[in-house]
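The sequence and the structure are shown first, and the description follows.

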Amino acid sequence: MTRFLASVLLAILFFLPGPASSSEGGDGIDRAKAALASNPGDAGLRRELGIAYYRAGNDFWAVKVLSGLVEENAADCATRAWLGLALLRRAFPEQALASVDADAARACEGPDLMRVLMVRAMALAALGRDADTDAALRQAASSKAGYDGDVKALPGLKRRLAPDSVPDVAWSVEIGGGYTSNARMGSATDSASEDDGGAPMTSVDARVRLSPDTGTIVRPVLEIQPRLNLFLMGPASKFGFFDFTGQVGLLFRNVLPRMFVGYRPEWLVLTHGFKADDSPVLYTAAHRGEFEVEILPSLMVFGGVGHRTFAEMVKTRIEADIGLGGSVRPVGNLTALWAVAGRYYDARHEAWSQVGMSVSGAFVMRLERDWMARVSASMSFDYYPWSAATITGDPFGSTANRFDLLVRTGGQLWGPSMSGARIGVSYDFSIRDSTAAAYSFTDHRLLLRLKVTGSADFRRPASVSGDNGASGGIDWGQEGSGLDERVRDMLRQDEQVQRSSSCAN
């Protein structure tokens, strides 16, 4: 009797066409129906019909056909995945999650298990269950095998569903070349000079961050960040520097809220010497403890304390800083980032002690054809409360305590991504107004830039060809831009500017 009713239902399905959203989808439905007409009891052909409805955009009939199969065979994991996708597209995340629930996942194996876990992650993300989404994605990544298309799509799906997740390894390398009207603006020595030092320049800025998933709430972090700035002609060449820094520490929790605590060493070498010495000179060495607390995707607290030694010993200091940053997306393709930070430096010679504050903001916009645009501005205030000239000394050539105001504005335009690489151009204008007139400057900087970014996880399922009868695999959607910027990235860019006014003066 059950088989008879199933045959009747299939006959009804066969004769009711269900509208298709495209000729390609309609053709797929016709082919599936023709095959099913000669063998109405074939579960694989019925699944093909449900998938054809899904591909044609007819999610109502896709759900109707696929749910019937799951009711008859609860262990049909291949059908469960497609049913979950159809329910999600119909905006029924609760029902989609039920179709790929934990009990169903435990009954699955092989590449169908990975696919069910990926659909489960999509349903959990639609319900706002971030911790469970992260767990499902990690389980999918730990699968022994997956269909080739699913394995290739998993990293992009992870970036889309869990943009705040931490990959096992991430890297970026940026190479720039162009012209600066004032190399002294980026000088690590904060020198007072009438020579503005305009010159062609080149820069290399790299970052590699390892944070392997341990399967617990604690992950180790190792980060290496070398940076090189060279000015290629004339007196400006003496302002070149190589900065080597990084972090080692622990990250607590894979999802927000989470906290990082660590140690940051830093060594800065003046590549063309210092004062009378023309050979490379270690100008600063620092040792800092740092923390970051990501409270929400749009809110972060950060800070640090440490000791910095200078070749000019009077500048050697204890330093402490703390700040707050965040982001907001007022419209779909526009992200706004902001940060406010305060600092205090207690130098060996009180004239170089200072208190300061910085305010930074940036707008990042995704344009048509994968182009990206960025505009930014930052403002730094630095006050040296014991720096005015006295009978015994005049460190800055001023009878008033030194006060600096540094303003920087700029824009960037990046071309489409080519396997993680983008070519861009940037322009920055900077001006520092100081009560110590010899320390004031303006700078125009134009650079052509190449940036390569990427990330990867150490665990990767083995790829299996085929798709269990579902030809063409699943379109998992767009994975998002490879140039999304976060608060910490904006702060790191501003750190290069602040080197002249707060990091090394």
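## Backbone, disulfide and cavity

Ser-419 counts as exposed because its relative accessibility is 83%; here buried means under 20% relative accessible area, exposed over 50% and partly exposed in between, with a 1.4 Å probe and protein chains only. The model is predicted, so local features need pLDDT of at least 70 and side-chain atom pairs count only at pLDDT 80 or more, while totals for chains, interfaces and linings use all residues. Residues are numbered from 1 along each chain as its sequence is written, and side-chain values use heavy atoms, with hydrogens and water left out.

Ser-419 lies in the loop between E13 and E14. Its phi is near 55°, a positive value in a residue other than glycine. Helices (H or I, at least four residues) and strands (E, at least two) are DSSP runs, numbered from the N terminus.

A second residue of this kind is Arg-253, with a positive phi near 85°. Arg-253 is found in the loop between E5 and E6 and counts as partly exposed, because its relative accessibility is 35%. Pro-257 belongs to the loop between strand E5 (241–252) and strand E6 (258–270). The peptide bond that joins Leu-256 and Pro-257 is cis, with omega about -5°.

Two strands pair if DSSP finds at least two bridges between them.

| Strand | Partner | Sense | Bridges |
|---|---|---|---|
| E13 (residues 403–414) | E14 (residues 421–434) | antiparallel | eleven bridges |
| E14 | E15 (residues 441–456) | antiparallel | twelve bridges |

E13 and E14 form a hairpin with six residues between them, and Ser-419 is in this turn. Across this pair, Gly-411 stands opposite Tyr-427 in E14. E14 and E15 also form a hairpin, with six residues between them. Here the bridge partner of Ile-423 is Leu-450 in E15.

How many disulfides does a search of the whole structure find? The search finds one, where a disulfide is a pair of cysteine sulfur atoms within 2.5 Å. It joins Cys-77 to Cys-108, with an S to S distance of 1.9 Å. The link of Cys-77 and Cys-108 is left-handed, with -95° about the S-S bond. Cys-77 lies in helix H5 (residues 77–89) and Cys-108 in the loop between helix H7 (102–107) and helix H8 (110–126), so the pair ties together parts that are 31 residues apart in sequence. Cys-77 and Cys-108 are both buried.

Searching the whole structure gives four cavities of 30 Å³ or more. On a 1 Å grid over the protein atoms alone, a cavity is a set of points where a 1.4 Å probe fits but cannot get out, and lining residues have an atom within 4 Å of a point. The second largest cavity holds about 110 Å³ of space, a volume being the space filled by probe spheres set on the points.

Its lining has 13 residues, and those nearest the centre are Arg-138, Lys-158, Asp-213, Asp-457 and Arg-459. Helix H9 (residues 130–141) gives the largest share of this lining, four residues. By class, the lining has three nonpolar, two polar and eight charged residues. Asp, Glu, Lys and Arg count as charged; Ala, Val, Leu, Ile, Met, Phe, Trp, Tyr, Cys and Pro as nonpolar; and the others, Gly among them, as polar.

Key. 1 Å grid on protein atoms, 1.4 Å probe; cavity = no way out; pocket = protein on both sides within 12 Å on 5 of 7 lines; lining within 4 Å.
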